[in-house]
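Welcome! Take a moment to look over the sequence and the model, and then we will walk through some of the details together.

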Amino acid sequence: QGKHTAPPPPPPAKGSHPRPKRRHEAVGEIDAVPAASPPHDDATEVAAVAGPPVTGFDVETFDEWERDVFFAIQDEASRDSNTNEAPADPLEATEGMVDFFSNFGKYATACLFSRRWRLRDAAVRVITQFFDTMFKHAIPVNAANAMLNYLDTKGYGLLDTIQTAFISACEFLTRLVDDKLPGVELTAVQPHVLTLLPRLFLRAADTTTKTREEALCTIFVLANSPIGPERVAAAALAEPVDQDKRRMPTQNHRTYLCRLLVMQQLLNNHGLGRTISVDALMTKLLLLCLNHQNSEVRDLAVVVTGCIDSSKGQDIMRHLPQVRNPATRAVIEERLAFPGDGGGGNGDEDDDDDDVVSGDEGNKKHQHKSPDAGGRKPPGRGKQPAKRRGNAASS
């Protein structure tokens, strides 16, 4: 008997584009999985083959663009994992989700608000990378505003407790302010961006070093963008608030260290500007820090006071009687008398073991290592999302 060969598959319909095989089988294609497929270690794929669907989405009913989004998110979510990430479950179409559904589709929205951080992170990355290609149906400004709303949502975006997801949210924001999202002018979304500055200052006071550095980098990118240093300085002088927008206690030394670091950079690179006065700087930030219980805060406050233009010495002197520590007052007075002598601090020993300020030793103790005047990010924050994925430590 001759061998029988299977007939060749029918050619694709005219105008269609055959999609390459993916490592994720979309729900709705379960019947198409070969019965004799080899065993998998991944419990998700086993469930997809042998059991009920793992999600309520029928991907075959998606429009072509949303199927591409589905596969892109699943591939991104599984990139650094030993197993394929299970698809997200549908979200109820509530009133608050309308903008997300209309701009990003049902599946991306479900991933943005998923309980699983890999899906949240992957959705933000896919939206950032393919903003103008996968989401052509959306009006760019509306899509950008929807994402800015997401970044400001408690537990998500800039307030995500997972460090990796937070970094991806910062990447979207920096691309936006750098005019790298086609079809979106910064002027059209600038008021919305400004509302995120308190969120960035909150994360710049985080307990994890990488989160603090990423938040500071993003703040400096905003300062060197059309947002401008004066708006960033105003945010640094504003009253610190937590994620529920409640006033934060003054005992948290990181809350003030991050603000001092920002003011140090802004004063060195831009000066006071037209809208920030010495009186505002002293009463809203520096006096609180010069009298703070943490010696690192006091030392850095002395350094920042020395960054103020020497022509404003008399304005500074008016506030010195409110500095309680005589040694601190003496150091500031000496610097005002001899403005050419820089240096670091009032000589107090650091009473806190947590190294919040990165930089060289010695005279550069309080010089932050992150962005320079051009707003560049430190090495290690690459453009490729896969290279920037660190561990998923909670911040």
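## Salt bridges

Searching the whole structure turns up 14 salt bridges. Keep in mind as you read that this is a predicted model. Side chains of opposite charge can pair when their charged atoms come close.

Let's start with Asp-160 and Arg-120, whose side chains meet in a salt bridge with an N to O distance of 2.8 Å. This pair links distant parts of the chain: Asp-160 sits in the loop between helix H5 (140-151) and H6, while Arg-120 belongs to helix H4 (residues 117-129), and the two are 40 residues apart.

Next, find Arg-246 and Asp-242, which form a salt bridge between their side chains at 3.1 Å, N to O. Asp-242 has a relative accessible area of 17%, so this residue is buried.

Asp-315 is partly exposed, with a relative accessible area of 24%.

## Two residues with positive phi

Now for the backbone. Most residues other than glycine have a negative phi, so the next two residues deserve a look. Asp-179 has a phi near 60 degrees, which is a positive value in a residue other than glycine. You can find Asp-179 in the loop between helix H6 (163-177) and helix H7 (186-194). With 46% relative accessibility, Asp-179 counts as partly exposed.

The other one is Lys-245, with a positive phi near 65 degrees, and this residue is not glycine either. Where does Lys-245 sit? Its place is in the loop between helix H10 (229-237) and helix H11 (253-270). Lys-245 is exposed, because its relative accessible area of 57% is over the 50% cut-off.

Follow the chain to Asn-294, in the loop between helix H12 (278-290) and helix H13 (295-307). Asn-294 is buried, and its relative accessible area is 6%.

Which backbone nitrogens does the side chain of Asn-294 reach? One belongs to Glu-296, whose backbone nitrogen lies 2.9 Å from a polar atom of the Asn-294 side chain. Another belongs to Val-297, where the side chain of Asn-294 reaches the backbone nitrogen at 3.0 Å.

## Cysteines without disulfides

How many disulfides does the structure hold? The number is zero. Cys-289 shows the reason in its own case: the closest cysteine sulfur, in Cys-258, is 9.6 Å from the sulfur of Cys-289, which is too far for a bond. For a disulfide, the two sulfur atoms would have to be within 2.5 Å.

Cys-289 counts as buried, with 0% relative accessibility. Cys-307 is buried too, with a relative accessible area of 18%, because the cut-off for buried is under 20%.

Terms used:
Residues numbered from 1 in each chain as written. Predicted model: local features only at pLDDT ≥ 70, side-chain atom pairs only at ≥ 80, totals over all residues. Heavy atoms only, no water. Helix = DSSP H or I, 4+ residues; strand = E, 2+ residues; numbered from the N terminus. Buried < 20%, exposed > 50% of the residue type's maximum accessible area, 1.4 Å probe, protein only. Polar contact = N/O pair within 3.5 Å; in protein donor to acceptor, adjacent residues only side chain to side chain. Salt bridge = Lys/Arg side-chain N within 4 Å of Asp/Glu carboxyl O.
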